[in-house]
Amino acid sequence: IVDTMTHEMVHALQWAAYKSFPLCITEGMADWLADSYTHSTRNVRDLYHKTQVLRLAREIKAGGFPNMESYLACENYGDWKKLLGIKWRGYCIGAMLCDYLFTHHQVWFGRALQHCQQAGKSQEERSKAFADFVKNNWEGGYKDLDAKLQNWILSCAKTCK
């Protein structure tokens with residue numbers, strides 16, 4: 001129950017600071033931060049990498065990782081379930097996407113979230129705005145982000161073993 005309570009507390013802080021985030025950021029950030037806090041780890045990335053990266057790397061190698069265009073098109077949990085089979089995979093992918101963007105593209109990520117905030121108030125509106133921002137403002141679009149995220153997950157998996 002501590003994991004769930006911490007995850008939900010992150011949502012409360014997100015809402016107080018920003019209101020709605022895009023779905024992948026809402027759940028990704030909550031999953032990533034809550035897992036670290038719950039396990040009293042000082043390094044968020046280390047804990048999350050050890051708990052989720054190996055699973056995602058196996059999916060990439062098996063060809064079961066969704067492409068970014070399809071993943072970012074998801075605006076609600078039902079969309080995740082249709083695309084991914086089970087929605088928890090959406091949390092894991094979102095957490096690694098947040099980690100990748102926080103680590104390597106903070107300025108771009110800040111601009112993307114600003115764009116989302118101006119585009120609408122609901123999670124669905126902001127999810128669509130984030131997908132559009134990636135399409136129009138990420139050099140190389142969805143395919144490039146997809147390739148970079150997958151390569152980065154595979155690279156992180158090598159350090160987790």
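This is a predicted model: local features need pLDDT of at least 70, side-chain atom pairs count only at pLDDT 80 or more; totals for chains, interfaces and linings use all residues.

The partner of aspartate 132 is lysine 128: the two form a salt bridge, and their closest N and O atoms are 3.2 Å apart. Both residues belong to helix α8 (residues 123-137), where being 4 residues apart separates them by about one helical turn. Lysine 128 is partly exposed too, with a relative accessible area of 45%.

Now move along to helix α9 (residues 141-160), which holds both aspartate 144 and lysine 148, 4 residues apart, or about one turn of the helix. These two also form a salt bridge, with 3.0 Å between the closest N and O atoms. Lysine 148 has a relative accessible area of 37%, so it is partly exposed. Aspartate 144, at 21%, counts as partly exposed as well, since the buried class is for values under 20%.

One more pair is waiting for you. Glutamate 59 and arginine 89 meet through their side chains in a salt bridge, at 2.7 Å from N to O. This pair links distant parts of the chain, 30 residues apart: glutamate 59 sits in helix α3 (residues 44-61) and arginine 89 in helix α6 (residues 88-104). Glutamate 59 has 14% relative accessibility and therefore counts as buried. Arginine 89 is buried as well, at 12%.

With that pair, the count comes to 3 salt bridges.

Note on methods
Residues are numbered from 1 along each chain as its sequence is written. Side-chain values use heavy atoms; hydrogens and water are left out. A salt bridge is a side-chain nitrogen of Lys or Arg within 4 Å of a carboxyl oxygen of Asp or Glu. Helices (H or I, at least four residues) and strands (E, at least two) are DSSP runs, numbered from the N terminus. Buried means under 20% relative accessible area, exposed over 50%, partly exposed in between (1.4 Å probe, protein chains only).
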